[in-house]
Each structure stands twice: as structure tokens, then as C-alpha cells.
Amino acid sequence: MYKGYAGRILRVDLTSRNVKVEPLPDGLALNYLGGTGFAARILWDEVNAETDPLSPENVLIIATGPVNGTAFPPSGRYMMASKSPLTGIWSESHVGGHLGPELKYAGYDMILVKGRSSEPVYLMIDDDRVEVRDAKNIWGKDTRETVKTLWDELGDRSFKIACIGPAGENMVKISSVISEMGRAAARTGIGAVWGSKRLKAIAVRGSKDIEVADPDGFMQLVKESIRMCTEEFFGKAAQDTLGKYGTPCLVEMLNSIGRLPTKNHWTGVFDKANLIGGEAVRSRYRFAQVPCLACVIQCGYISYIREGRYAGTITKGPEYESIFALGSNCLVPDIEAIIHMNMLCNLYGLDTISTGKTLSWAMECYEHGLLTKEDLDGIELRWGDVEAMIKLIEKIARREGVGDILAEGAKRASEKIGRGTEKYVIHIKGMEVSGQDPRAHKSAGLSLAIAVRGADHLRALSSIEELGFTQIVTDRYGEDKVEALSDRLSEEYKGFLIKDLEDLYAITDSLIVCKYGTMWPPIYYFDHFAKLIPLLTGMKEYGDVSYVRLVAERISNLRRCFNVREGITRRDENLPKRFTEEPMPHGPAKGHVCNLEPMLREYYQYRRWDYETGLPYRETLEELGLKDVADELEAMGRIKRREG
């Protein structure tokens, strides 16, 4: 067995309550590395196009990577994957903290959960002792109460706990899983998958070691990586931004370039951004830093409101995406209200992005008379009305009244209501768009359009051109592309850029390393991972950058093929008309729209997929070692052969 891995997979059948431990196959590690790569292979093999996301047959994957639990910075994350109840396609969510490393210390690289329990249960993992336990006493409790109750029951607060709140229990399609009382595995409705299986929580404690192939060489690289993340230009930039303010620093930064989504993405400039940004949070509400394991950037923090209407509010975050979604997106300039709503979403187990975007969609529909007070259970949903938002957050979590419709997410809610409300849904592939505006950052439009889980900023977003990082562009991509790649308002070469970053992040999400160090600041690249992986695992193949890239392309293609099997084609890789037909009304990008077509055409060219259909070429998949995938897609008529 390769080093860096625990070497075991834990399979749990909740229908029979049977637990089985399997060895981690060497071939899975060599060909798919970990995390996202493992999930791509397993979901392809064990889920199909007929699988209902909320059925017992759907597979819930909780996975780590070879880096997790080591001293490499930052390596405290883990991931979940499944078939999404929100979109019906690929579901993937990453979360920080300490539970991922704890799972490795307990001796498991992955947990695979199938079936459905007849009663609420939780999974207790204490090294080799694994039990499916009764959870009726915590069913209905919020996430904070759940953790406290389980700590009392287990008698040890060293257990790391992930759980769902009432939203997941009620299979709200925009629900999340909350890890360690505030770190959210959000997006795609992953909490609803837990709820459908009646899995309330997972509690993990471990005491095993993780072996490294070359300890001396590995620790030398760790020291170099710490220096890169804390010193020199980008290291210092990381400390001055993320280390000092956390992700709320992005509020002011993105507002300054005209891409802070405001009023349901109507514009990219919020005139009260300074009231809800990094300095506003840090100066009055930041209570403590709470970094993930082995992190030297340390963006995580806790907010606490001591007095006033929301006195006693305490929560991890809010992160930039939560501030945009519940703040500028809904025209809320009150940071205390945003912190409080962030806490409510964490307690109920709701994805703050999809919740905020669903509310802003409803607000815009209300503004245009497409939704009425009667439709909204007597609530007048005007822009910036925090009390109305709080009422609807509570209704969504419990599926009460109109909350039962909003719990489906904005796209599905609009389909149920009709009346032209679909015009104001800002979504891609069924998932609400996150905190980017491609009119002010053109490559972000391509990132959102091609993302495998829907409108997603974490699978391929580029920060290189946001602040004009010409040196990084020159070092990575060559002199001839510098000017165009550094221009956020140009579509040129962006297909090439996004394909490259999608592959880079596929490796990042398989190791599993935080995006802070790869996406921003842009420190780690393929060459750095080619040094890291052999020292950590002993897999010498990864010492060749071309092999790292091969595995990255294999993972990227396999995730996309999962969606192709579900029926996703070229027509689904598009942008809302707000981005393509409505010019930006304010700010540095005033007058701009996003022209997706040339970027998408270039992206497909580099990805080696057919542009007209969005289907893969058989030859591409075979070259990546995915012949079995090509055979299955060909039998379904969902693959192309290269002509000539």
C-alpha cells in the first residue's frame, strides 16, 4: 500500500445497518489520487442515470486525500460527493476544519454510505470500533444542539462531528452539512441526501499514525511551502488579506472592480460595501481565529455580536459568499443582520449562497408583481427587509407554507410557480450562481458555465487576471499570452486558462488541499504537486508533471462524463441572459456583457470534446484510460468519434 493513505474504505449500508471495511485498492490511488478523483470513479461505477438522488440507492461519499492529516499547509479539509437532489447531476462539496484528518487518524480514507435507515441514526467511528447508533433524541435539533448532545452522550469532546439540521432532515434541496458547529459542506443540497438516508450525524475519533514515504524530503517541502504561504510577494499578500480579514476582504476588493453581485446580480457595485466588508467584520465582531489543521494562512474566524437586536449571535464566519448572498445580493447593508442570518443558516443546515439567491429571486419577482403578499404567506418581501428574510429562512428550513416551494431552490420554485418568474432565476444547470459576475470578469463566465456541479466558482475560477498578475501569467503560460490573460475584460485565451485551472483544481481537490494556495494566492501549481506527491506517497509516477496532468484530465473528464450520462449537453453550458444580454449598469465594467461563445469554443478545443454537442470524443477518453466509460456512453449514443 502506498504511504500517505490510511489504506481502508468503510462501507455502511443503513438499510441493514451492516458495516464493512475494505482495503483501498492501489490502482485507485495511482489512477485517481484521492478525494474528488476517488469520488468520480466510485460514483460512475455505483450510481447510474436512473438513480434518484433521494433514494436508498444513491451513494454518499465522505472522502479524504493523501495530504489530509499531515503537516502540509493547508491540509485540514475533506469532501463529500453524491448525486445532487438540487440539480440531478454531479454533487461535490469540500469543507475545512479537523474532521477529515480525524477520519484518517481513525484509519479510513473514505466512508461510502448506501441504503436508508428505518429510524434516525448517527454513525460513531472510534478507530476500529464503528457503530450505527440511534439518533431519535437528536432528530429535530439544530446543528449546535446536535453536537452538544452527542458530546455529552459520547463523553469526549475530542470527537469531530458533522451533522444536518432541520433543513437536511426535511430534505430541503438547498440544505448543507455542518461540520464542527459552523463549517459548511454546502451547495447542491448534499444535506438532503443525508436526510433521505435518515443519517443525522457522523462522529469520528482516531489515534492512528499516517506514514510518509520520504519523511525528511517531505518535511523539507513542508518548510518550503510554509515559506511560500507566509513570505515573498504572494505569501505576504495572503497574510495581509485572508490572514488579517478572512474571506470578507473580498467584499471591498471585488466591489472595486465592479463584480460584487448586487440586487440579484443586477449590478456589480454596492454603494454600502464598506459597511459589510472585511474591516467592518474585523473591527467589531471578529472574536477568534479558528484555522484548519496545518494551515498557516488561517482565514477561519468566529464572529460574536455582544449587544443590540442580535445580541448573543455567535457563528463561524460569515465568509465572503455568505456576505454577498445575504447582503449586497439582497440589498442588506447591515452586517449584524448578515452575521445573524449566517448563524441561522448554519443552525438549520442551509446553504447560504442558494438561500440568499433564492430569496433575491423572490424579491425581484415581488418587485415586478410576479409574486404577491398572498403567495408569500402574508410577507411583504421588499429589498433589504431583514425581518422578512429571517421569516422565510425559518420557513424554508421547516418546509412550512411558501417555504416548501422555496426549499426546492430558485429554479424549481420558478417552475412550480410559473407566471414568468423564471426570468429572474440566476442559475446554471439548476444551481444558483455564486458571488461572481462575468460581465466584470469574463473568464468567470466560462468557469460558471462549464462547472460540473452547476454555477460554481470553486472548480475552475481564475484570480490571475482579477488584479493583473502578469508575472504568474508569464511564468506559467508564456509571454505571448500575457496581455490577454491578465485582462479580466477580455475573452481571449480564457478557454485555455480555465481548462488548465480546472485540471489544477482537480488535483487540488483530490490531494485534498485548500484552494487558498492554488486559486488565491496562486502559489501551488502542477510542478509543486509533482514534488509533493512522490515524497508523500512513494508513487514515483507522479514525479513527472505530465503524469500529474494526465490524472487531472482523467478526473475532469470522468466528472463531466457523469453529467453526460445524466443528459447534460452543450445546451446546458450557458449563462443567464442577465450576463449575456443586460449590460452592466454601473462601475468599471459598465456597458459590458459576457460573450461566452468564443471562450467555450476554445475550452472544448483544449478539452478535446465536440463543440456542437458538448459530447466527448471517444479517442479522448481512451487516451485517458477511460475506455469503459467510452463504451457505456457509446451504448447510450452519448459520445462522438473524431472525424478525419
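Trainee: Where do I start when looking for empty space in a structure?

Mentor: Rolling a probe the size of a water molecule over the atoms shows where empty space is left. In this predicted model, that search turns up 3 cavities of 30 Å³ or more.

Trainee: How much space lies in the second largest cavity, and which residues are closest to its centre?

Mentor: That cavity holds about 80 Å³. Its lining counts 14 residues, with Arg560, Asn563, Val564, Ile568 and Glu573 closest to the centre. Helix α22, residues 545-565, gives the most to this lining, with 3 residues. By class you get 7 nonpolar, 3 polar and 4 charged.

Trainee: OK, on to the pockets. What does the largest pocket look like in numbers?

Mentor: Its volume is about 480 Å³. There are 25 lining residues, and Lys411, Val425, His427, Ile428 and Asn574 sit nearest the centre. Two or more residues each come from α16 (410-417), β16 (427-428) and α23 (577-580), with α16 giving the most, 3 residues.

Trainee: How does the lining of the largest pocket divide by class?

Mentor: Into 12 charged, 8 nonpolar and 5 polar residues.

Trainee: And which element gives the most to the lining of the second largest pocket?

Mentor: That's α8, with 4 residues. Along with α8 (232-245), both α18 (470-477) and α21 (526-537) supply at least two. This pocket has about 260 Å³ and 14 lining residues, with Met228, Ile472, Arg476, Pro522 and Ile523 closest to its centre.

Terms used:
Residues numbered from 1 in each chain as written. Predicted model: local features only at pLDDT ≥ 70, side-chain atom pairs only at ≥ 80, totals over all residues. Heavy atoms only, no water. 1 Å grid on protein atoms, 1.4 Å probe; cavity = no way out; pocket = protein on both sides within 12 Å on 5 of 7 lines; lining within 4 Å. Points joined across faces, edges and corners; volume = space filled by probe spheres on them. Nonpolar A, V, L, I, M, F, W, Y, C, P; charged D, E, K, R; others polar.
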